[in-house]
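Here is a short report for a first look. Keep the sequence and the structure side by side while reading.

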Amino acid sequence: SPWKPVLLLLSPPAFSTTCARCAKDRRLREKRAISERRLTRYFVDQRKVRVVGGQGGGGGQSFYSEPRKIFGGPDGGNGGDGGHVIFKADQQMRSLSSVFPFYQGFHGERGGSKNCYGANGAHVYVKVPLGTLVKEDGKVVADLTQHGEEYIAAYGGAGGKGNRFFLSNENRAPKLFTPGEPGQERVLHLELKTTAHAGLVGFPNAGKSSLLRAISRARPAVAAYPFTTLNPHVGIVHYQDYEQVAVADIPGLIKGAHQNRGLGMAFLKHIERCRFLLYVVDLSVPQPWIQLQDLKCELEAYGGGLSERPCVVIGNKIDLAQSRINLPLLREQVAERVIALSALTGDNLEELLLHLRELYDAYVKTEQSRGQSPVKW
């Protein structure tokens, strides 16, 4: 017989037999650093959503027939109803960023023979955070404040009737059947009512974004030009007893903001929903107490009683020489408590965090005394 080659399959060794000098570099690759732009998470408080209910299934048309019963009569079943689009409040949701601009319920199935009804279409549930207002043409149609509360935004269409439904003594063999009805279509505006416990209020370049970076993990944009913050940011301050206080970075206000100047009233409403306010004042400017007076005037012009909420005045940029001169003058002009700190260097941030917790505890006690549940993050 001719010679045939034989292949020997050798199993690989259990460990590498090559020397360290010849072995390949097996070090773990370093993870790519994520840019701050990707880390930025904007707080979305408004959404325009178009919702359409599912279409109902059409009715069936068939006649029963078997060898010994030829004229069995009509047996077309009705179609299934279309699915609804339902908004459901969920305490795990924090903003409307995960809400899409369009939702549609599932369609119902068509009716079958032998009087079989079509299956109903499945409902589409849209999770929204607590405190979401549902508006249609400027009118509030729903206010979702409790966990698990639902609102049917669009009803599904009714299923069509099969020819069995039209059976009568006058018509023993109806061929009539109806199609399913289309679902309800609406355009709704979602508006988040509750944003954060505390709101940072101040003029542009007062250091609000830098302060939010220093006390939380939020990463709002920081630059040396006004109106750096164009979208609200929410940062969470964590304490050792696992309590979490939400602080919102409100975009800078200017004189006449209540008349829709600057960024206007689109962000004044965030201040209206905060439980207590943190006025951020730049101590390096001449007469910093005038900033505080102008801020309170804008809040009162927008909504009465906003300036009377629990608050604290934060004198930022204490690391500058001019700020140390203006600090005692500010405390003489202001009746509220003044906390001087530097968001850049982190000086005296502990005093702010302790006082922030005192304001939060006072808010929780007030809500519990009223028989209401405080907002938890």
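Is Glu185 buried, partly exposed or exposed? Glu185 is partly exposed, at a relative accessible area of 49%. Buried means under 20% relative accessible area, exposed over 50% and partly exposed in between (1.4 Å probe, protein chains only).

## The model

This is a predicted model: local features need pLDDT of at least 70, side-chain atom pairs count only at pLDDT 80 or more, and totals for chains, interfaces and linings use all residues. Residues are numbered from 1 along each chain as its sequence is written, and side-chain values use heavy atoms, leaving out hydrogens and water.

## Salt bridges

The whole structure holds nine salt bridges. Each is a side-chain nitrogen of Lys or Arg within 4 Å of a carboxyl oxygen of Asp or Glu. One of them joins Glu185 and Arg50 (2.8 Å, N to O). Glu185 sits in strand E8 and Arg50 in strand E1, so the pair ties together parts 135 residues apart in sequence. Helices (H or I, at least four residues) and strands (E, at least two) are DSSP runs, numbered from the N terminus. Arg50 is partly exposed, at 36%.

Asp282 and Lys317 form another, at 3.2 Å, N to O. Asp282 lies in strand E12, and Lys317 in the loop between E13 and helix H5. Asp282 is buried at 9%; Lys317 is partly exposed at 25%.

## Within helix H6

Asp361 and Arg357 also meet in a salt bridge (2.9 Å, N to O). They are four residues apart in helix H6, about one helical turn. Shared partners join Asp241, Arg357 and Asp361 into one network of salt bridges.
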